[in-house]
Amino acid sequence: MAESASYTEKLKRWDRFKAEKFSKKAPVTTPYPFIDIEKPPEYRGIPHINPEKCIGCGACVNACPPDALIMEWDKEHGVKRLTYNAARCIRCARCIEVCPTGAMEPTTRFEVATDNKEDLVEVVEHKLAYCEECGEYLDFTERQIEYVRNILPKDVFDAYALEDRIKLTQEEKMRRTVIKLRETEGNVYPAFMLVRETKDDGGEE
Amino acid sequence: MVNTKDLEAHFEFECKACENGRCAKADVNSILSERKGLRDFYEAFKEHIKGCKRMTYGQYQFVIDREVLPEAVLWWHNHPEFKETHLSTAVGTDERPLNGHFVYMPFLNVQVEFANEPENYWVFLRTYLLADDPSFPSVAEKLPAALWIEREVKDLLGFKPVNHPDPRRLILPEDWPEGVYPLRKDMDYRHSPITEPKVEFKEKPEDTTLVPMGPAHMGIEEPAHFRLFVKGEEIVDVDYRGFYSHRGIEKTGEGRLTYNQVLFLAERICGICGYQHSVSYAMAVERLADVDIPDRARYIRTLLLELERIHNHLLWVGIAAHMVGYDTGFMHAWRIREPVMWLVERLTGNRKQYGMNIVGGVRRDILDYRKEEILKVVKQIREGTKTFLDVALNTNTFIKRAEGVGILPYKVAKAYSVLGPTARASGRKIDVRKDQAVKTATAYNEIDFKVPVYKEGDVLARVLVRMDELFESLWMVEQLIDQMPGGDIMVPIGKLPEYEEALGFTEAHRGEVVHYVMTGEKNKVYRWKVRAPTYNNLPAVPEMLKGYHVADAPLIIASIDPCYSCTERVQFVDVNTGKVKVLTEAEFNELSIKYKGVF
């Protein structure tokens, strides 16, 4: 954490005129693009997805105003695909604010001119978790489930019996609840009522 | 919030606000007695008023019959006591999915007394138009300020202003088919049909010569097509065709985005007054959700607004110098301006398009050590500008070209509802920062500043007004730094109330920016109307041009600091300018197939 303090110090000391490049050359004109242009450390450049930290929750996709971030599900291959397109990006840095794991990293890069549009696209693919019971793919990625395991307190896990149910599809969860209720209550309710009740239950998670 | 009389019986729709319990069933009499003038208006139009309510603090709405619309607007506009009242703009809404009617709603900024903050207010005159016959009597016949407003609703929503003096197309491109109205709710925002272009230009008066200026304005480098009709060197009449950069922003905001996403779109309406739009929009949503944002956020917003004003005025004075051929002044003005851009880049993360706002506050805090830096820049700019003005105002090239040119008399300025420095140079004492300063998203009511007013009305007066304002802004920045309170910088706003309306406004460096927001379901925006100040200033330009020489025309046009992309907010497609033949789409396709691979 000593690093962060020195960063603030660095921010304080940063001065456009005192930056080394300008003291050696003429004060205003520089031979850009042949040198690296001096940018203030606060500059909002294009963001970058760190694939190691990303869990594929899609918070950034919901916040992005110009649809530069897109989420796709490929349930056949069990893949959730997060695509970032710098050409659509307006550098508002909303994705960086909302990211729960800090996977969206700010940079000070602003030069995105290219002769190949594919250079501007970043794709992160996540493995979808699959149902332990029926083998179908869930809507969540494996990392999302891992993340939930880490952050949820144990009481919540116990209260909703999540340990058993977290890796099941919605239908499977509903079916199990129905069975359980039938067992405990001796099937006093008609089946359709039970299904509706469990549906609400499942939605809470 | 109050609904009076038989609003439900008339229109068979329910007040959704009542259902949510937000609509306090207040007494009409107490509302009418809140501000001066409301009761007089009620008495004068008693039979035609179907309802009245307070939308939010200082914003009152009357539901009136469409037959008396011109009389009602003129009653406010020509009010003998409230001299500086002006027609701000009008909103047309397609409310057919809600209650089966169209809505046309002009609104006025009522200035009871200059700088009397808790007394001034906004008046909205809501009229319901029939779905199968959306016609209303034109106000433009008697009040030129409504000329463009009515042409706009005619283009975008298909309303029919009866007896409009100039019912040509204003906003939509020439090759847009008749009878397709983009802002109606039954049209998808991606739909963009094209037919053969049909050009409607004003007839050339007898014995005059046509001098086309545009479609790109020299100096400002933005699209605007002026057609000057000249006799010798003198300009007799002017025709204007603009809206070449109409981008359909309002439609996009209504179609797809949630309220926090619209904010970033709002900031991108304009290249140089983006933050003003952003604050206005944020304010509209905050007022409508009835949230008071933290003091620190208000101060930070005001600080950035004033920094924006400083660099914009320097930019403009540079352009004005460039227009009169005094390029040294241009270079110096922009040199002085640059440190502000660098400062703002460090405060917010970008030179322009700050991205600082979020509905409910700001996103970055101003750290303490930055304050010294701001004060350093302010000092530097004050000295720089003083030296620059000393030189510029003693340069004959500059003074002789600007003095006595492009005079806009007070009466014309009032009739066209001209705003901002253009109005203040013609003797209109208006400024929303002072007039409507209570309960806004900014902190103007807590700091001290003067509003410079000049009576001459020429280009030089506009230069001087702006330069005086610049020094006031520097003084305001110093005060804001000094008085900046501590605390939070934002409050979260969860769910928005449904079908509520409110107005957000700021005084941009060109005049008042107005954002009207009506919410829909699921945190979306049902109607978002943006009115940039140039929208009111530009129709008055032909009046300023008449009687002056062609050589002065670029300077006079530039003197209102026009911003076309702000004004036009909307969509693609180039058109037949009358000079060059433009290929039709079919011809173009044919050619491109023929020469495929050659070019």
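Helix H7 of chain B is mostly covered, with 11 of its 11 residues buried, where buried requires 20 or more other C-beta atoms, placed from the backbone, within 10 Å of a residue's own. This is a predicted model, in which local features need pLDDT of at least 70 and side-chain atom pairs count only at pLDDT 80 or more, while totals for chains, interfaces and linings use all residues. Residues are numbered from 1 along each chain as its sequence is written, and chains are lettered from A and ligands numbered from 1 in the order in which they are written.

The buried residues of H7(B) include Trp148(B), Glu150(B), Arg151(B) and Lys154(B), and what covers them includes S3, strand S4 (101-110), strand S7 (160-162) and helix H19 (534-537) of chain B. Helices (H or I, at least four residues) and strands (E, at least two) are DSSP runs, numbered from the N terminus. After H7(B) comes Gly158(B), with a positive phi near 80°.

An automatic or database domain assignment divides chain B into domain 1 (7-185) and domain 2 (249-568). Their contact takes 30 residues from domain 1 of chain B and 33 residues from domain 2 of chain B, two residues being in contact if their C-beta atoms, placed from the backbone, lie within 7 Å. On the side of domain 1 of chain B that touches domain 2 of chain B, at least two residues each come from helix H2 (16-19), strand S1 (49-56), strand S3 (86-95) and helix H7 (147-157) of chain B, and S3(B) gives the most, with six residues.

How values were computed:
A residue is buried if 20 or more other C-beta atoms lie within 10 Å of its own, exposed if 12 or fewer, and partly exposed in between; C-beta atoms are placed from the backbone.
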